[in-house]
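Please read it beside the sequence and the model.

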Amino acid sequence: MDASSRIQELEPMTGESPETILRWAYEAFGDKVTIASSFGAEDVMLIDLASRVYSHPDVFFLDTDLHFHETYQLVDAIEERYPVKLRRMSPELTLQQQAEKHGEALWARDPDLCCNIRKVEPLKRALKGYEAWITGVRRDQSPTRARAQAVEWDDKHGLVKVNPLVLLTSQDVWDWVHTHDVPYNPLHDQGYPSIGCMPCTQPVKPGEDPRSGRWAGFDKKECGLH
Ligand code: SF4
């Protein structure tokens, strides 16, 4: 049976609890599944859950060198608290080399190229040798994520994509984080519902689209990872 037929058989997984979906992922792939984490609320919930169902979850972080100080502090706090195997993936180019090759503040002129260099290429390296990746994608985050399934075949990267939180709301995620005292980024309490790199993340007003603070001024809503 080919991968896409197997994935179709797994469609009912979308109705299962995040814990059940994660258990399935670790039983199916063990050390060959990795969690993509940008250390947002969904990601810290995933790490907390994964640490309950697997002894040493593999996690990777795309370290663009442009994250907020608070994000770097959270990465350290999570690594200290949970039994994760954390991989910090750096871009091939330092910020200095990027500026020399493409000019200063590339993010302000060509954010797609900047994301390609600092996120998309490191993501490809992070997934190499793995059979599946786990993400914090939820359907109600954006129209482009509205049809996401708990288990999908990721054509772009050639491996299985597992989205255990796919049916959860933002409130569900925050209930878990607060109930289980999971460390989270304090910027979330200062008007940043979605946190990426410093130059491309702005706070949003109450009631605004949570992702409207990302790449404000550009017709861009995703890094190119999903
Ligand atoms: S989010 Fe902004 S700064 Fe970060 S990699 Fe993408 S364009 Fe560059």
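Predicted model: local features only at pLDDT ≥ 70, side-chain atom pairs only at ≥ 80, totals over all residues.

Phe39 has a relative accessible area of 1% and is therefore buried, since the cut-off for that class is under 20%.

**Aromatic pairs**

- Like Phe39, which is buried, Phe61 counts as buried, because its relative accessibility is 1%.
- Phe39 and Phe61 form an aromatic pair in the edge-to-face arrangement, with 5.4 Å from centre to centre and 85 degrees between the planes.
- This pair links distant parts of the chain, 22 residues apart, with Phe39 in the loop between strand S1 (33-36) and helix H3 (41-53) and Phe61 in strand S2 (residues 58-62).
- Trp24 counts as buried because its relative accessibility is 18%, which falls under the 20% cut-off, and Phe29 counts as buried at 13%.

**The largest pocket**

- The largest pocket holds about 920 Å³ of space, and of the 45 residues that line this pocket, the closest to its centre are Glu42, Gln141, Ser194, Arg211 and Arg214.
- Helix H3, strand S2, helix H7 (111-127) and helix H8 (170-179) are the elements that give two or more residues to the lining of the largest pocket.
- By residue class, the lining of the largest pocket divides into 17 nonpolar, 16 polar and 12 charged residues.

**The ligand and its cavity**

- The space that the ligand takes is the largest cavity.
- Around the ligand are Leu66, Trp107, Pro111, Cys114, Cys115, Arg118, Lys119, Cys197, Cys200 and Trp215.
- Helix H7 gives the most to the shell around the ligand, contributing five residues.
- The shell around the ligand divides into eight nonpolar and two charged residues, with no polar residue present.

**Points to check in the model**

- Which element gives the most to the shell around the ligand? Helix H7 does, with five residues, and H7 is also one of the elements that give two or more residues to the lining of the largest pocket.

Notes
Residues numbered from 1 in each chain as written. Heavy atoms only, no water. Buried < 20%, exposed > 50% of the residue type's maximum accessible area, 1.4 Å probe, protein only. Phe/Tyr/Trp six-rings, centres within 6.5 Å; stacked < 30°, edge-to-face > 60°. Helix = DSSP H or I, 4+ residues; strand = E, 2+ residues; numbered from the N terminus. 1 Å grid on protein atoms, 1.4 Å probe; cavity = no way out; pocket = protein on both sides within 12 Å on 5 of 7 lines; lining within 4 Å. Points joined across faces, edges and corners; volume = space filled by probe spheres on them. Nonpolar A, V, L, I, M, F, W, Y, C, P; charged D, E, K, R; others polar. Near = heavy atom within 4 Å. Sits in = over half its atoms within 2 Å of the grid points.
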